[in-house]
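Please look over the fold shown here. The paragraphs after it go from the sheet to the helices and then to the spaces between them.

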Amino acid sequence: PIIAVTGTNGKTTTTRLLSHIVKNCGYRVGFTTSDGIYVQNHMMEKGDTTGPMSAEYILKDPTVEFAVLETARGGILRAGLGFSRCDIGVITNLQGDHLGIADIDTIKDLANVKMVVARSIKKDGWAVINADCEASVKAARELDCNIAYFSMDEDSPNARKFSKEGKIVAVYENGFVTIKKGSWKIRIEKVNLVPLTMGGKAKFMIANVLAAALAAYLWGFKTEDISLSLQTFIPGAAQTPGRMNIFEFRKFKVLIDFAHNPAGYLG
């Protein structure tokens, strides 16, 4: 199975969290990120490994049972994906990043590149789309696979519309990460028990958790296994290097974060 993760912000964290869930569910997982290629907990190659060569590295490894691949725009533009079809594609969001490079000048151009991942999803597979990102919602209209959405507000117009249409929607409601199927609600975990969200203070991290939890749910992992994985994924220099790392000293704290565009900085 292949889960591909793309978008502007949150790709690496979502990839790592999904890999943690997959590993906890008994699979030997291989994953690629912007800081290296990993099989289980072992770094095989260091560097920005989000292109097709890195995907190929994982997909050719006979010991890997499940692939979670961070897929960035640079690799897609240079040489494509490294796989022809994936089972689930996650588009975290589309923000103005790297615009003006390689003829990608507008959000629409960026959407065309990122949606290459979504267009590679098998017909019976799933696209996981951010309902709070209008550019993503608009681009997803052209897809012919199953689509599920995630939103930080269950009462937002898009979340309500998609729920009414019978779509599966992951939402942040009453302090919970929740999967909605029509009028049914499946509560996965209380957000303040998910270390990645810093007690629920880091809203953009909650969005990443929603995306990962929804993808895992769509694959068929049990909600209790997803819940346990969310509780045991501890952010820090080891698990999430350069992503909201807080170092505590006697008289002060230092926060290190890879805020590489205005949206990341504001988040």
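The model is predicted: local features need pLDDT of at least 70, side-chain atom pairs count only at pLDDT 80 or more, and totals for chains, interfaces and linings use all residues. Residues are numbered from 1 along each chain as its sequence is written, and side-chain values use heavy atoms, with hydrogens and water left out.

Helices (H or I, at least four residues) and strands (E, at least two) are DSSP runs numbered from the N terminus, and two strands pair if DSSP finds at least two bridges between them. An open sheet is built from eleven strands in the order β4-β3-β2-β5-β1-β6-β7-β8-β9-β10-β11, with mixed pairing. The edges are β4 (42-46) and β11 (184-190); each has a single partner strand, so one side of each is left without a neighbour in the sheet. From one strand to the next the twist averages 15°. Angles run from 0 to 180 degrees between N-to-C directions, and axes are lines fitted to C-alpha atoms, for helices over the stretch in contact. Strand β10 (residues 176-181) runs antiparallel to β11 and is joined to β11 by six bridges. In this pair, Phe 176 stands opposite Lys 190.

Helix α7 (residues 203-219) touches β5, β6, β7 (121-130), β8 (146-151), β9 (168-173), β10 and β11, and its direction makes about 145° with that of β9. Helix α1 (residues 11-24) lies across β1 (2-6), β2 (29-33), β3 (36-39), β5 (66-70) and β6 (86-91), at about 175° to β2.

The 14 residues of α1 reach 20 Å from first C-alpha to last, close to the 20 Å expected at 1.5 Å a residue; the expected span is 1.5 Å times one less than the number of residues. Twelve of the 14 residues are buried, where buried means under 20% relative accessible area, exposed over 50% and partly exposed in between (1.4 Å probe, protein chains only). Among the buried residues are Lys 11, Arg 16, His 20 and Val 22. Just after α1, Gly 26 has a positive phi of about 100°.

Away from this sheet order, β12 (residues 245-248) and β13 (residues 253-256) pair in the antiparallel sense over four bridges. They form a hairpin with four residues between them, and Asn 245 stands opposite Ile 256.

Spaces were found on a 1 Å grid over the protein atoms alone: a cavity is a set of points where a 1.4 Å probe fits but cannot get out, a pocket is an open set with protein on both sides within 12 Å along at least five of seven lines, and lining residues have an atom within 4 Å of a point. The second largest pocket has a volume of about 220 Å³. Its lining takes two or more residues from each of α4 (107-119) and α5 (134-140), and α4 gives the most, with six. The largest cavity has a volume of about 40 Å³. Of its 13 lining residues, Thr 50, Gly 51, Pro 52, Thr 71 and Leu 81 lie nearest its centre.

Pro 235 lies in the loop between α8 (223-232) and β12. Pro 235 is partly exposed, at 24% relative accessible area. Its C-alpha is separated by 9.0 Å from that of Met 198, 37 residues apart along the chain.

Key: Contact = heavy atoms within 4.5 Å. Points joined across faces, edges and corners; volume = space filled by probe spheres on them.
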